[in-house]
Amino acid sequence: MIARCQFAWDVASALLAALPFAADVSAAEMTRPFDAVPGIIVVVGHPERFSSLQKAVDSLPDTGGEIRLGPGVYREKVLITKSNVRLRGVAKHAERVVISWSDGAVQVGGTFRTASLEVRGDDFRAEDLTVANDYWLRNPEPSQAVALYITGDRAVVERVRMLGSQDTLYAASRKCEGPDCRVSRQYFRDCYVEGHVDFIFGNSKAFFENCHIHAIAHDEVMLTAHMRTGPDEDRAYVFDHCRITSDAGVGALWLGRPWRDFARVIFLDTRIDAPLHPDGWREWTPGETHRLATAFYAEYASTGSGAPRLAREPYSRQLSAVEARQWSAKQLLSGDDGWAPQDERVRR
């Protein structure tokens with residue numbers, strides 16, 4: 001059985017090798033739509049073979065489990081509501097294991113219905129795979145189109161590529177109220193995210209370590225659109241030792257704009273190899289909204305061609321070393337349960 005699976009994985013890998021993934025870090029990695037190339041799906045501890053990833057997810061007990069994906073393009077929408085689910089790509093490179101769909105908000109009635117992969121369960125893990133929404137390569141009308149939608153708490157996403165255009169990654173908390181409603185925490189390490197308008201957005205506490213953020217060609221690009229609804233909400237996006245690059249066709253490029261008042265985004269030790277607008281940060285709708293005054297937008301020790309040369313947007317901040325330490329993964333993510341994903345490495 002193992003030999004047959006390995007042979008099938010090898011065949012799928014050979015087929016995927018012909019797909020046009022861009023190697024140049026200054027160019028988009030998703031250059032044409034993904035066509036289905038079925039791969040081998042293995043649920044650890046389960047003898048059954050599954051024809052779709054969603055069926056494999058549905059087969060898991062309420063306590064979760066691990067699903068291993070062989071090389072292939074899994075063209076389907078996937079919803080994970082159970083906790084403790086782990087998706088592992090079984091290939092040498094993340095680009096050889098792809099989950100992709102192509103819903104746009106204009107088609108399905110809203111941004112939050114478009115995700116290729118939606119994760120609501122806590123303690124989710126994903127590694128060595130790609131999640132894509134190729135709507136913009138299949139449809140001429142611009143639209144929000146989410147690749148990965150994640151609202152579960154204590155999520156770890158490692159060596160995962162998230163490909164899209166507008167609203168690629170929704171890193172957020174559940175919509176809930178009451179004493180049991182908590183802010184979701186998500187940890188992204190060694191990941192790649194590409195898109196253009198607001199393509200990393202939401203209202204969670206998310207920490208991005210050693211990630212590559214790439215802006216694809218568009219007149220205006222906003223890397224982030226974070227949201228808080230009050231000054232005391234414990235939420236933020238932090239990017240630590242990340243890299244920012246862009247396509248040659250990118251127009252004005254900003255680190256982010258505030259989705260609501262009190263947005264909070266911090267870039268630490270980030271290399272900016274992209275033509276960042278000197279202001280760094282942009283108002284949500286210039287001339288109409290006034291959210292920058294309440295946002296917390298900050299950098300520490302940025303380098304590269306887009307690093308500060310003149311003053312940034314007056315409402316933004318350049319942090320001292322002492323201030324920067326307040327935004328470590330430990331400080332942001334630990335919570336009441338002492339969660340420390342930065343202290344472990346997900347095994348390949």
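**The chain and its aromatic rings**

Mentor: The accessible surface of the protein chain comes to about 14,900 Å², and carbon and sulfur atoms account for 51% of that surface; such areas come from the Shrake-Rupley method with a 1.4 Å probe, and for residues only the protein chains shown count as cover. This is a predicted model, in which local features need pLDDT of at least 70 and side-chain atom pairs count only at pLDDT 80 or more, while totals for chains, interfaces and linings use all residues. Residues are numbered from 1 along each chain as its sequence is written, and side-chain values use heavy atoms, with hydrogens and water left out.

The protein chain has six helices and 24 strands (DSSP runs numbered from the N terminus: helices are H or I with at least four residues, strands E with at least two). Of its 348 residues, 57% are buried, where buried means under 20% relative accessible area, exposed over 50%, and partly exposed in between, with a 1.4 Å probe and protein chains only.

We now turn to the rings. Rings of Phe, Tyr and Trp (its six-membered ring) pair if their centres lie within 6.5 Å; planes under 30 degrees apart count as stacked, over 60 as edge-to-face and the rest as tilted. By this rule there are 14 aromatic pairs. In one of them, Phe-267 and Trp-281, the ring centres are 6.0 Å apart and the planes stand at 50°, so this pair is tilted. Phe-267 belongs to strand β21 (residues 264–268), whereas Trp-281 lies in the loop between β22 (271–273) and β23 (296–300); the pair therefore ties together parts that are 14 residues apart in sequence. Phe-267 counts as buried because its relative accessibility is 2%, and Trp-281 counts as buried at 1%. Both residues belong to a cluster linked by ring pairs, together with Phe-188, Phe-208, Tyr-237, Phe-239 and Tyr-297.

Other tryptophan rings meet charged side chains. A charge sits over a ring if NZ of Lys or CZ of Arg is within 6 Å of the ring centre and within 35 degrees of the ring normal. The charged end of Arg-257 sits over the ring of Trp-284, 3.8 Å from its centre. Likewise, Arg-282 lies over the face of Trp-254, with 5.4 Å to the ring centre.
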